[in-house]
Protein chains: 2
Amino acid sequence: MDIRVAMAEMGRAARDAARVVAAASVEQRNQALVEIQQALASDRDRILAANAQDLEAGRQNGLDAALLDRLAVTPARLDVLEEGLSQVAALPDPIGEISDERVMPSGISVGTMRVPLGVIGMIYESRPNVTIEAASLCLKAGNAVILRGGSEAIHSNTALGASLASGLSAADLPVEAAQVVPVVDRAAVGALLTMPDFIDLVVPRGGKGLIERVMAESQVAILKHLDGICHVYIDSEADAGKAHRIAFNAKTQRYGTCNTMETLLVAKAQTGMLPALVTALQEEGVEVRGCDVARVAAPAITIAATEADWATEYLAPVLSIKVVDGVDEAMAHIARYSSDHTESIVTENQATAARFLREVDSGSVMHNASTRFADGFEYGLGAEIGISTGKLHARGPVGLEGLTSRKYIVRGDGHIRQ
Amino acid sequence: MDIRVAMAEMGRAARDAARVVAAASVEQRNQALVEIQQALASDRDRILAANAQDLEAGRQNGLDAALLDRLAVTPARLDVLEEGLSQVAALPDPIGEISDERVMPSGISVGTMRVPLGVIGMIYESRPNVTIEAASLCLKAGNAVILRGGSEAIHSNTALGASLASGLSAADLPVEAAQVVPVVDRAAVGALLTMPDFIDLVVPRGGKGLIERVMAESQVAILKHLDGICHVYIDSEADAGKAHRIAFNAKTQRYGTCNTMETLLVAKAQTGMLPALVTALQEEGVEVRGCDVARVAAPAITIAATEADWATEYLAPVLSIKVVDGVDEAMAHIARYSSDHTESIVTENQATAARFLREVDSGSVMHNASTRFADGFEYGLGAEIGISTGKLHARGPVGLEGLTSRKYIVRGDGHIRQ
């Protein structure tokens, strides 16, 4: 069958299923999560066998060790998925709440109700656990979801999709509420991105190539981050101990994450702390690049940072350091080069901190804290569907609330407009 | 100069100006509104003369009386604009507020701060007063705006733009914070819609042709409504008096507005009220069309409603009536034909009302109230930049809050991630 026709049929079925899930009680949605958890447990052998097929094909296709590791489904990882389902089931219901209700001069009462978004399109790579994690969040928030994983994980995702279907059936919800695209045809992604009638939001998770393709082709709103070029700025009035600790942690706690610091901005009054910090970073294995002033202050920096460095997300043990006059130059640098993900200021001056917090236009702006905290779990969201560097709808780490919408609720008693 | 180059320069200047406006105090933003008000007063003769040019050209181009009326700027309308500026200045500051702040187990404090969106692109037709109304809301919310009105209003809008510039200068804010596109070249719209680096949100206001063009071409998020196919559903447990009053008001209070009822759904248990209601509507001059059952119940309905009627926004004294079994069929009809704008149920049964309020997926859902209430002023928003039928970012009538975003604010005291 033509892939676009098949995708449209999935979309239409998802749209219908979304109405049923949206109308279901939170008890029924939670029961679906528990039933999916039980299905995962009873389907374990089938899932591991399907994953073994993907791993074998991956080895034959020359996937590297890191990719094979991300592709692997193990009993321990299934334990984590099952535990995650319990945790999502235990979260408060994100929908139905009515807020800001008040009576207007006309006599009508006006408030807003949090409701599901509708149908989410999830496009992701490698890690098959995303199939279950994303589906559980979408269902909890009363949505339907279409899941399109990478071709390298097709058997694993199809097996996990069968467990989703068993769980939904057992909870008396339509299986079309969580559908795994069952084919590897690349055109399926293009079709997903061009069905605004059936898909309300697309969430891509994966490498830059995937995100860029989705951005270029999508006719549907996207929740995504492309880059994480995160900055720490050490202000002239920073506490040296906190500054050293935060900068070291923001760079070295993990290298491959989007909330890792890529550029350190240092007020020129603080260049005295650079030699010790650079030494500590280099001893940890970080390659440090610096502007001219930084290299004079810390001769251990032997590599000159170029214009390209300021615009690069290394995702690696590399750091660029720039010395600036003060907070204004730091904020101007951030406005120019930041990917709007996460920036942090280290200072003891509360007025300077307040300016930075207000004026820096990123999803997360921090004071005296490591950028590595930019994470849905660290923010108490209970779960994370993704991180958004856009300014509309949802921003920064996105939890269940980002999978909902708010509509107006108006109540009268026969009220008419004069 | 090439229009795309010129628009990109306006965009870049707006982006820079937006940073300045975002950092300005609310006192300075309010002062700009007051200065604009004073500039409008002192520029009155110049504005009226410019408008006379547009009106003369409009007459020569054969614009009809309704369009000429919308195009006209009069002393009375300038009074309204000046009063509107005072009202917007008096509204509470929509930005800067920090909410949901709490301390996490790690010790960091996490909250969200409401901040400006950045740069708004306003695309509109005919009514020159939109130039001032839209600019005042964008500036109040800390944004910059690029205003692109219709070619028929070019002299009026340019004159109003000069008053905006005087007011901004007098308040020591950059004039690029509110720029009127000074040329009529249609390609300017295309350029505005394809500058996602410089424009954060596009708000189109005008006829269906304009909205459809913007939807087709925009690479920037849009806040819009295309149709207002609004429904009133008279439930089997409706109070007959309220039902008659609400249905009559929702259709006849104004015909050309997007929140006017276009289809009336009536539970079959209530068809007894149809003859009197139909007579009242027909006496008011409304053409009533009905399904077969409705025409049997009220023989005064002489026109059969066709499939096309259910999907039509008449914007005229025309109403289609459909008899349904009950609330389930009513909600299914709405899910299929509604434009997601506004729907209302009339019932005394609170459980039925609660289901309708929760399950109907429109920007405004009402109980025992006329759809004509769907309006930013009636909702107490203080002002309205537009109405959105989309589910993301802002929904229903959109006031100042829809011109803002929320970012995460994290505070620590040297906290690092373990």
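## A guided reading of the model

Helix α2(B) passes helix α7(B) in a right-handed crossing, a crossing being right-handed if the near helix is turned clockwise from the far one by less than a right angle, and left-handed if anticlockwise. The contact is made by B:Ala32, B:Glu35, B:Ile36, B:Ala39 and B:Leu40 on the α2(B) side, and by B:Ser163, B:Leu164, B:Ser166, B:Gly167, B:Leu168 and B:Ala170 on the α7(B) side, where two residues are in contact if their C-beta atoms, placed from the backbone, lie within 7 Å. By class, this contact of α2(B) with α7(B) has seven nonpolar, three polar and one charged residues; Ala, Val, Leu, Ile, Met, Phe, Trp, Tyr, Cys and Pro count as nonpolar, Asp, Glu, Lys and Arg as charged, and the others, Gly among them, as polar.

This is a predicted model, in which local features need pLDDT of at least 70 and side-chain atom pairs count only at pLDDT 80 or more, while totals for chains, interfaces and linings use all residues. Residues are numbered from 1 along each chain as its sequence is written, and chains are lettered from A and ligands numbered from 1 in the order in which they are written.

To place the two helices, α2 covers residues 26-42 of chain B and α7 covers residues 154-170 of chain B, and their axes come within 7 Å and cross at roughly 135°. The axes are lines fitted to C-alpha atoms, for helices over the stretch in contact, and the angles run from 0 to 180 degrees between N-to-C directions. The helices α2(B) and α7(B) are therefore oblique to each other, given that angles under 35 degrees count as roughly parallel, over 145 as roughly antiparallel, 65 to 115 as roughly perpendicular and the rest as oblique.

What radius of gyration would a compact globule with 418 residues have? It would be near 22 Å, and the 24 Å of chain A agrees with that, where the radius is taken over C-alpha atoms and the globule rule is 2.2 Å times the number of residues to the power 0.38. Of the 418 residues of chain A, 53% count as buried, a residue being buried if 20 or more other C-beta atoms, placed from the backbone, lie within 10 Å of its own, exposed if 12 or fewer, and partly exposed in between. Among contacts in chain A between residues at least 6 apart in sequence, 71% join residues at least 24 apart.

Chain A also meets chain B, with 59 residues of chain A in contact with 59 residues of chain B. On the chain A side, at least two residues each are supplied by α1 (3-23), β2 (109-116), α10 (240-252), α15 (350-359), β13 (364-369) and β16 (404-415). The strand β16(A) gives the most, with eleven residues, and the residues of this side divide into 23 nonpolar, 18 polar and 18 charged.

Some single residues complete the tour. B:Met7, in helix α1 (residues 3-23) of chain B, is buried, with 28 other C-beta atoms within 10 Å. Leaving aside neighbours within four places in sequence, B:Met7 is in contact with B:Ala188, B:Ala191, B:Leu192 and B:Met195. A:Asp172 lies in the loop between α7 (154-170) and β5 (178-180) of chain A, and has a positive phi of about 65° although it is not a glycine; A:Asp172 is exposed, with 12 other C-beta atoms within 10 Å.

Terms used:
Helices (H or I, at least four residues) and strands (E, at least two) are DSSP runs, numbered from the N terminus.
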